[in-house]
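Reader: Hi, can we go through this one together? I'd like to ask as we go.
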Amino acid sequence: MTASGATAPGVIPGGGAPPRILITGATGFLGGSLVERLLAHGERRLRLTVRSGSRRARVLAAAARHPGAELEFVDANLVSPSDARRAVEGVDVIYHLAASLRGAPADMFLNTVVASKNLLDALPAGAGRPRVVLVSSFSVYGVAELGRGVVVDEHTPLEPHPQKRDLYAHVKLRQERLFREYAERLGFPLVVLRPGVIYGPGGSAFSSRVGLDLFGLFLNLGGPNLLPLSFVDNCSDAMIVAARAQAAGGEVYNVNDDELPTCAEYLAGYERSVRHLRTLRIPYPALSLLSRAVERYHTWSRGQLPAIFTPYKSATTWGGNRFDNGKLKRLGWRQEVPTPEGLRRTFDWLRSQLPKPP
Amino acid sequence: MEKIAHAELDGDRPPADDRSGMTLKIALVGCGKIADGHVEEIQKLPGRARVVAVCDRELLMAEQMAVRYGLPAHYDSYERMLERERPDVVHITTPPQSHLPLARLALAAGCHLYVEKPLALDHADATALVNAVAAAGKKMTIGYTYLFDPPALEMRSLIAEGAVGKVVHVESWYGYSLHGQFGSAILADPGHWVHSLPGKLFHNNVDHVLNKLTEFVADDAPALDARAWRRHPVHFGDARDQMQDELRLTLVGQETSAYGTFSSHVKPAAHFVRVYGEKNIMHVDYVSRSVTLEPGATLPSAVGRLVPPLGQALQLLRAGARNGAAFARGDFHFFSGLNRLIASFYDCILEDGPLPIATREMLRVSAWMERIFAQIAAGHAAPAAGAPAPGPGVSREVAR
């Protein structure tokens, strides 16, 4: 294994060399897994964008397990156009994972959408344009008005009212639209993956689809809804399959595993394996009433408290859908880590992170 | 390349010269974090104003704001926005480096100005800005929102009633979190505009300390002593390591003295003013929105030690009850001061009344800031002999 800390890309070998792959967000939860899985799939020349101060230990450890791995770290903040140009120079494939998961609205748009625009503006002209794999999200689908139990697949309409949704959905929807606009204009091969709830060791315990922690009381909002889990390594495999398949160019793929638990089953498993929670189950009809009340209060009080629940948000997050990963399977993806095993690994890791008794 | 908003393409925007009654047309430039607060509070004043457009040099940033707040137009060309929208007021919420040039363009377009703090990059720019506003015959205010928060209003009312007597000394404390929304963005990016300001982190925050002192320290140039240092661990290897995060100030005027504190490490991040009078000490707390008096013992012996805390407890109970009542009325908002300042400014435009914040106060703050940053910079070059342990940036200016 070799690792370069250069702030500018090195010399790119000529024809016949294996592809140089750029991964943005490589030191994040999903990025770390993708590096490991790419190396396991035989890739060797990886360029990783990192921010100063970010943790590189995980990807370095992954590279150490794969002889011949060549990691190149590019210290780049994609909000800077010049950094974006340095990052994409000479690459053959781009996995764009970098995104802001939380923070002020302006920061989330800047770090996700504007950063994406800089990346796209930096793509070289002509035939040498790299293949681009964008990690989007289930949250771009407009499911509020679909009704309970409707199957979400790649034909489900996109969210028509992003401003009514949570900020993450709004940001990811705009990011995806931006990639489509550029792909259409520049003509590069774009593959969009829309994962459900990515989980695994190193990730967070709960998606908001399961519920929300309210000052120590966990509101169990998902109940009997299916939880569209995607074990992090399975999700990485899906990206790799999509990046390698010529047929995937211009296509969208939903990413979720089989044997999906309900939100209640996930919560029960967590409580059995990790720790007990103080929970309050709120059935969907009650949540709908609560959402209407919260929205009315928010309007009456002119925003004195945030509208964390509204009928629209509740319908999108806790309305309850079913999911279809058939298109991804037809492309050749197979779930390597079965869901019970993924859950076991995740809960074991979460338990290991609990504070040790004195 | 110039791009124009979606609504213009849709054609559903009212004509640019449509001035409906006394409703001010507001435009905003700079769609960063603080801009959200401006738009939200302006939208609570539908009778007085409406936001007609926002602008950012990055069109995507202007677009996201327009979509989230349902605004009719957004631009990446400031000149084009001024020309097409013909706003009555422009809110400038960009980094301070751009305040003066953006203000000049707005004044040339006949607009009044709301400028976020700090007023400009330095005192010379601040003076030029004030002069330009005066020459244009327009009005300007600055984002000193805490001066209009409920506890500040109560403080002024009580002082006017003589609650503290003649003021001897004032203390202004502003706690800051390096891990909050603003601090984390600055720490995450060595290229963040704050790192290129002369006063760096202090430059963007010390207004909050100083603007509460100007109403007590009447002098233009009080004796001023500034000490600053860095407490956060050094590990970035770039501009962020040069960012000091603790600042202590002493000001001595003819009648009144003052302390100022900016701290990034004291937790919780407190925010208060203490007014020390000849009669009482007043504690004005901006976090808990309470104003309490700390009277001395008026009863003899041990009883004199027993009664004061009960009196203070009662004051806090009353403050809590008042806040609770305001909350129940739906009148207890995070940005109360911003809303009141914006409303006062718009009223002063519509009624040609006095400014909510006098320009002299803005200039005194900018002049004091310049002296503070000069002292800190001098301290960097030559640390004062006998300086306290924490301080590469410690400096001292002899009282003038």
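Author: Start at A:Pro358, which sits in the segment after helix H11 (339-352) of chain A. Helices here are DSSP runs of H or I with at least four residues, strands are E runs of at least two, and both are numbered from the N terminus. This is a predicted model: local features need pLDDT of at least 70, side-chain atom pairs count only at pLDDT 80 or more, and totals for chains, interfaces and linings use all residues. Residues are numbered from 1 along each chain as its sequence is written, while chains are lettered from A and ligands numbered from 1 in the order in which they are written.

Reader: Why does A:Pro358 count as exposed?
Author: A:Pro358 has 3 C-beta neighbours inside 10 Å, so it counts as exposed. The rule uses C-beta atoms placed from the backbone: buried is 20 or more others within 10 Å, exposed is 12 or fewer, partly exposed is in between.

Reader: New topic. What is the strand order in the open sheet of chain A with three strands?
Author: The order is E10-E11-E14, with mixed pairing. Two strands pair if DSSP finds at least two bridges between them.

Reader: Why is one side of E10 and of E14 left without a neighbour?
Author: Strand E10 (211-214) and strand E14 (279-281) of chain A stand at the edges, each with a single partner strand, so one side of each has no neighbour in the sheet. The twist averages 25° from one strand to the next. Axes for this are lines fitted to C-alpha atoms, for helices over the stretch in contact, and angles run from 0 to 180 degrees between N-to-C directions.

Reader: How many bridges join E10(A) to E11?
Author: Four, and E10(A) runs antiparallel to strand E11 (residues 217-220) of chain A. A:Leu214 stands opposite A:Leu217 in E11(A).

Reader: And what about E13 of chain A, which residues are buried there?
Author: Both faces of strand E13 (residues 252-255) are covered. A:Val252 and A:Asn254 are buried on one side, A:Tyr253 and A:Val255 on the other. Four bridges join E13(A) to strand E8 (residues 190-195) of chain A, and these two run parallel. A:Leu193 has A:Tyr253 as its bridge partner in E13(A).

Reader: Over to the two chains. How many residues does each give to the contact?
Author: Chain B gives 23 residues and chain A gives 21. Two residues are in contact if their C-beta atoms, placed from the backbone, lie within 7 Å.

Reader: Which helices of chain B supply at least two residues each?
Author: Helix H2 (33-42), helix H3 (59-69) and helix H8 (181-188) do. H3(B) gives the most, with five residues.

Reader: What scores does the predictor give the complex?
Author: An ipTM of 0.89 and a pTM of 0.88. Chain B averages a pLDDT of 88, and 89% of its residues score at least 70. pLDDT is the predictor's confidence in each residue, from 0 to 100.

Reader: Where is the pLDDT of chain B below 50?
Author: Residues 1-20 are one such stretch, with 22 contacts in the model beyond near neighbours in sequence. Residues 380-400 of chain B are also below 50, with 40 such contacts. Where pLDDT is low, the predicted coordinates should not be read in detail.
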